[in-house]
Amino acid sequence: MDNLNKLMKGWFSEVCALWPGVALSLEIEQLLYSKKSKFQQIDLYQTKSHGKMLALDGIIQLTEFDEFAYQEMLAHVPLFAHPDPRNILVIGGGDGGILREINRHGCVEHIDFCEIDEDVILVSKEFLPGLACGFDDPRVHVYIGDGNEFVKTKTAAYDVVIVDSSDPIGPGEILFQKAFYEGLKKTLKPNGIIATQGESFFLHKACVANLAGITRDLFPVQAYALVMVPTYPGGHIGLCMGSLGPDPATPARRITPAMQDQLQYYTPDIHQAAFVLPHFAAKLVKAG
Ligand code: SAM
C-alpha cells in the first residue's frame, strides 16, 4: 500500500494509522525490491545507516541494524524458560530470523514453520541471507498458509509456540484474536509456552491490554516482557507470553558460554529483567 509508504527526498517514513501523528524516518540509498504479493506490498530497501530494511505494507519489519534484539528475545526467552523444548511451532516470521535463533538450541528436535506469504521467504532468501539462513536447518519444516488455520490441525504437539507476526492490520489481524490464542493453547503439550509479538505499551495500549486479558483468561501463567528495538514504533516492542506451567520470566536451562558468545542481546539477566515493567505498563498488563 504505497499510500502508507512515503518516500520523500530519499527518506522513508513509516506512516501508519496504528501510530497516528508520528513516524520513524530512514534515509534510503536504493530500493532493491518492490512487489505486491497476494497478501501485501513487499519492499526491500538499502538504507544509508541501518543496512537493509524489509517493509510490508509500508511498515518496518526489520532492519539489519537492530533485528538481533527482537529475534533473540522472542526466540530465547520462551526456549530458555522451558526445561526441555523439543518440538517448536513458529507462525509468521518469513524473514527466517526467529528460526536462526531457535536453531542454536541443540535440544530442539523438530520445528514446524507456518508463514502465509511465500514471497516474504523468497525475498529474504535473496536479500537477507543473514536471517534466511534460519531455513537451512533440516529440523525446519515449512508450511505456506494462514497460521490460524494451521493451529487448528494440531493438538498437544508443541513445547513452545512462537508467533512472529506483523501488526494487527492485513493478514496479521487474525493472529491478535482470542480464537487464535485458544487454538495456540490447544497445540501445546503439558508445560508448553507461547510467546507472541506483543506491540508497544506506549502506542498500542488497547492492543496490549487485550492480549494480556486473553492470555490471563486462557493460561495459568501469564507474563509480558519488554524488548528495546530502535526501529520499531516507540523504540521497543513487547513479548506477550502464556504458559501451562514454567514461569516465563525465569530461565530453566543454562546458556553455554559458546552460545552466549554468538548472541548480542539475550543474557540470563536480560531474560529476567525484561519482565520488570514501568508502573503504567504493569498496570495495563494486569488490568487487561
Ligand atoms: N515482528 C515483526 C514486526 O512486527 O515487524 C514481524 C516480522 S515477520 C516478517 C511477520 C510475518 O508474519 C510476515 O512475513 C507475514 O507475512 C506473516 N504473517 C502475517 N499474517 C500471517 C498469518 N495469518 N499467518 C501466517 N503468517 C502471517
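**Whole chain**

Start with everything displayed; the model is predicted. A cartoon view shows 10 helices and 13 strands. Along the principal axes, the C-alpha atoms fill a box of roughly 55 × 45 × 40 Å. The radius of gyration is 18 Å, which agrees with the value near 19 Å that a compact globule of 288 residues would have.

Next, colour by relative accessibility. Of the 288 residues, 57% count as buried. Switch to the surface: the chain exposes about 11700 Å², and carbon and sulfur atoms supply 56% of that area.

**Aromatic pairs**

The structure holds 11 aromatic pairs. A pair of aromatic rings is described by the distance of the centres and the angle of the planes.

Select Phe80 and Tyr266. Their ring centres are 5.3 Å apart and their planes meet at 15°; with under 30 degrees as the cut-off, the pair is therefore stacked. Where do the two residues lie? Phe80 is in helix α1 (residues 67-81), while Tyr266 is in the loop between α8 (257-262) and α9 (268-273). The pair therefore ties together parts that are 186 residues apart in sequence. Are these two residues buried or exposed? Phe80 has 2% relative accessibility and counts as buried; Tyr266 is buried as well, with a relative accessible area of 1%.

Move on to Phe113 and Phe135. Here the ring centres are 5.2 Å apart and the planes stand at 90°, so this pair is edge-to-face. Phe113 belongs to strand β8 (residues 110-115), and Phe135 sits in the loop between α4 (129-132) and β9 (140-144). The parts tied together by this pair are 22 residues apart in sequence. Relative accessibility is 0% for Phe113, which counts as buried. Phe135 has a relative accessible area of 11% and is also buried, the cut-off being under 20%.

**Last stop**

Which residues form one aromatic cluster? Select Phe201, Phe202, Tyr224 and Phe280 together to see it.

Technical notes. Residues are numbered from 1 along each chain as its sequence is written. This is a predicted model: local features need pLDDT of at least 70, side-chain atom pairs count only at pLDDT 80 or more; totals for chains, interfaces and linings use all residues. Side-chain values use heavy atoms; hydrogens and water are left out. Helices (H or I, at least four residues) and strands (E, at least two) are DSSP runs, numbered from the N terminus. The radius of gyration is taken over C-alpha atoms; the globule rule is 2.2 Å times the number of residues to the power 0.38. Buried means under 20% relative accessible area, exposed over 50%, partly exposed in between (1.4 Å probe, protein chains only). Accessible areas come from the Shrake-Rupley method with a 1.4 Å probe; for residues, only the protein chains shown count as cover. Rings of Phe, Tyr and Trp (its six-membered ring) pair if their centres lie within 6.5 Å; planes under 30 degrees apart count as stacked, over 60 as edge-to-face and the rest as tilted.
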